[in-house]
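Colleague: Please take one part of this model and go through it closely. I would like the packing first, then the charged pairs, and then whatever else deserves a look.

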Amino acid sequence: MHLRRRLGGENGNGSPVPNLLLAAKSNGAEVDRYQVLKKQLHRELISKLDLAALENLGEAERRAQVERVARRMLAETEIRLTRGDEEKLITELLHDTFDLGPITPLLLDEEISDILVNTHRQVYVERLGKLELTPVSFRDEAHLRLIIERIISRVGRRIDESTPLVDARLPDGSRVNAIIPPAALDGPILSIRRFRRSALAIDDLLRIGTLTPEIALFATGAIRARLNMLILGGTGSG
């Protein structure tokens, strides 16, 4: 069945099928039109792609081919998006297909040192030493589970009900911890601890409020005097 029919066109025998978006809204349900469209586009995209043929292409060629198919499918739908939403949707489809889904942009942000996925509904980050809630979320638990399995499989590990907790290290050195049910009671959770490519200087720590001027002066003197120091605190304190 084509995406047009799934979203409210015709079924195989020419009779109309319910529009999922309108039906859900008429029942008073809170429906995110954008997320529903993206989910159905992704399903249709997977069904249309020749995955075996894609394996023989380079990374850039694979992305280009998937983007062409996605744009053609989007043009065939009866739902019209703004140009900005259309580009956002295509980018997110590519992230879901090749990368780590909705957290991909967070991994590209050099200011972020921690990504904390607290079930599929909430994603926190530590940015410049401060924890903040992001607008990022996964479609559902299955979506988050898929991304977790993609991360773990890339480092030669597995995660399932018999091994519901996995610690791993990504090629860039980032530390990953993933927990799924039954060990995680409220659904899968994921944390990614990243390492800065360049170390913060004293001036940087003062600017972002990690150190007070007095502590910075004391630490500088202690380092110059080659004194032993013990730094205590939560994750990232050191």
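Modeller: Helices H5 and H6 lie oblique to each other, since their axes cross at roughly 135 degrees. Oblique here is what remains once angles under 35 degrees are called roughly parallel, those over 145 roughly antiparallel and those from 65 to 115 roughly perpendicular. The axes, which come within 10 Å, are lines fitted to C-alpha atoms, for helices over the stretch in contact, and angles run from 0 to 180 degrees between N-to-C directions. H5 covers residues 59-76 and H6 residues 83-98; helices (H or I, at least four residues) and strands (E, at least two) are DSSP runs numbered from the N terminus.

This is a predicted model, in which local features need pLDDT of at least 70 and side-chain atom pairs count only at pLDDT 80 or more, while totals for chains, interfaces and linings use all residues. Residues are numbered from 1 along each chain as its sequence is written, and side-chain values use heavy atoms, with hydrogens and water left out.

On the H5 side, the contact (heavy atoms within 4.5 Å) is made by Glu59, Arg62, Arg63, Val66, Glu67, Ala70, Arg71 and Leu74. H6 contributes Glu86, Glu87, Leu89, Ile90, Leu93, Leu94, Thr97 and Phe98. By class, the residues of this contact are eight nonpolar, one polar and seven charged. Ala, Val, Leu, Ile, Met, Phe, Trp, Tyr, Cys and Pro count as nonpolar, Asp, Glu, Lys and Arg as charged, and the others, Gly among them, as polar.

Glu86 and Arg71 form a salt bridge, with N to O at 3.8 Å; the term requires a side-chain nitrogen of Lys or Arg within 4 Å of a carboxyl oxygen of Asp or Glu. The pair joins H6, where Glu86 sits, to H5, where Arg71 sits, across 15 residues of chain. Glu86 is partly exposed because its relative accessibility is 25%, and Arg71, at 26%, is partly exposed too. The cut-offs are under 20% relative accessible area for buried, over 50% for exposed, and partly exposed in between (1.4 Å probe, protein chains only). Both residues belong to a network of salt bridges that also includes Glu67, Arg83 and Glu87. In the structure as a whole, 14 salt bridges are found.

H6 has another helix partner in H8. Their axes are 10 Å apart and the packing angle is about 50 degrees, so H6 is oblique to H8. In this contact, His95, Asp96, Thr97 and Phe98 of H6 meet His143, Arg150 and Arg154 of H8. One nonpolar, three polar and three charged residues take part.

Asp96 also has a salt bridge, to Arg139, with the closest N and O atoms 3.2 Å apart. The two residues are 43 positions apart: Asp96 is in H6, and Arg139 is in the loop between strand E3 (130-133) and helix H8 (141-154). Asp96 counts as buried because its relative accessibility is 4%, while Arg139, at 24%, is partly exposed.

A further salt bridge joins Arg127 and Glu111, at 3.9 Å from N to O. Arg127 is in strand E2 (residues 122-127) and Glu111 in the loop between helix H7 (104-107) and strand E1 (112-118), so the pair ties together parts 16 residues apart in sequence. With a relative accessible area of 39%, Glu111 is partly exposed.

Two backbone features are left. Thr119, in the loop between E1 and E2, has phi near 70 degrees, a positive value in a residue other than glycine. Thr119 is buried because its relative accessibility is 12%. Its C-alpha atom is 9.9 Å from that of Leu185, which is 66 residues away along the chain. Leu185 lies in the loop between strand E5 (175-179) and strand E6 (189-193) and is exposed, at 80% relative accessible area. Pro182 is also found in the loop between E5 and E6, and a cis peptide bond with omega about 10 degrees joins Pro181 to Pro182. Most residues other than glycine have a negative phi, and most peptide bonds are trans.
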